[in-house]
Amino acid sequence: LTTRLDNDDALHRRFIETVQSIARPGVREFINPTCGLILANGRLYRDRDSSNPFITLSEHPADCRTVWMDQHPLLARHGPIRQFALPDAWIQVVHGGNLVNHVRGVLIAPTMVSPDALPSTLSASLANVGLGARVLHNCFSPIRRYAGLAWRRGRRMRAA
């Protein structure tokens, strides 16, 4: 099993357990967590994606190509994609340092997030935040700093 994950994103605390429980050994297929969250500009959005950046590839070790064989929207070319539902299975962080990501989905109040989806310290900090309010404003200052440095170095960045 190989799963796509960027270093600035997060998985539900039961994500790995769920994927391992539904994977069929020896069957080459993609396993996709349909529902997730997008955090951008301090706001949370709920999104559904049938071939998202958190997809997993189950394959036999003798024929291992890994989930990175192609871009995630194009993986259906390489095998069937089986969907699974785990509420808020992933969190994608969209920030100035992202090259391709963009905001999509439905704006939600942080209190609507499954408590199991977030680390307990983050869940506690979101408990009193209302719809559309800025969340995690200071948590990603290293990312904002990276985006500023990259911009000054002449790299083109796409902001949310």
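**Close-up views of a predicted model**

View 1. Thr 34 lies in the loop between strand 3 (29–33) and strand 4; helices (H or I, at least four residues) and strands (E, at least two) are DSSP runs, numbered from the N terminus. The model is predicted: local features need pLDDT of at least 70, side-chain atom pairs count only at pLDDT 80 or more, and totals for chains, interfaces and linings use all residues. Residues are numbered from 1 along each chain as its sequence is written, and side-chain values use heavy atoms, with hydrogens and water left out. Thr 34 has a relative accessible area of 10% and is therefore buried (buried means under 20% relative accessible area, exposed over 50%, partly exposed in between; 1.4 Å probe, protein chains only). Not counting residues up to four places away in sequence, Thr 34 touches Asp 47, Arg 48, Asp 49, Asn 52, Gln 83, Phe 84 and Trp 90; contact means heavy atoms within 4.5 Å.

**View 2. The largest nonpolar core.** Within this core of 13 residues, Ile 38 and Phe 84 touch the most other members. Helix 1 (15–22), strand 4 (35–40) and strand 8 (90–94) each supply at least two of its residues. A nonpolar core is a set of buried Ala, Val, Leu, Ile, Met, Phe, Trp, Tyr and Cys residues joined through side-chain atoms within 4.5 Å. Leaving aside neighbours within four places in sequence, the contacts of Phe 84 include Phe 15, Val 19, Ile 22 and Thr 34.

View 3. Two strands pair if DSSP finds at least two bridges between them. Strand 4 and strand 8 run parallel and are joined by 4 bridges; Leu 37 has Ile 91 in strand 8 as its bridge partner.

**View 4. Salt bridge between Asp 88 and Arg 46.** The closest N and O atoms of this pair are 3.0 Å apart. Asp 88, in the loop between strand 7 and strand 8, and Arg 46, in strand 5 (residues 43–48), are 42 residues apart. Asp 88 is buried, with a relative accessible area of 2%, whereas Arg 46 is partly exposed at 27% relative accessibility. A salt bridge is a side-chain nitrogen of Lys or Arg within 4 Å of a carboxyl oxygen of Asp or Glu.
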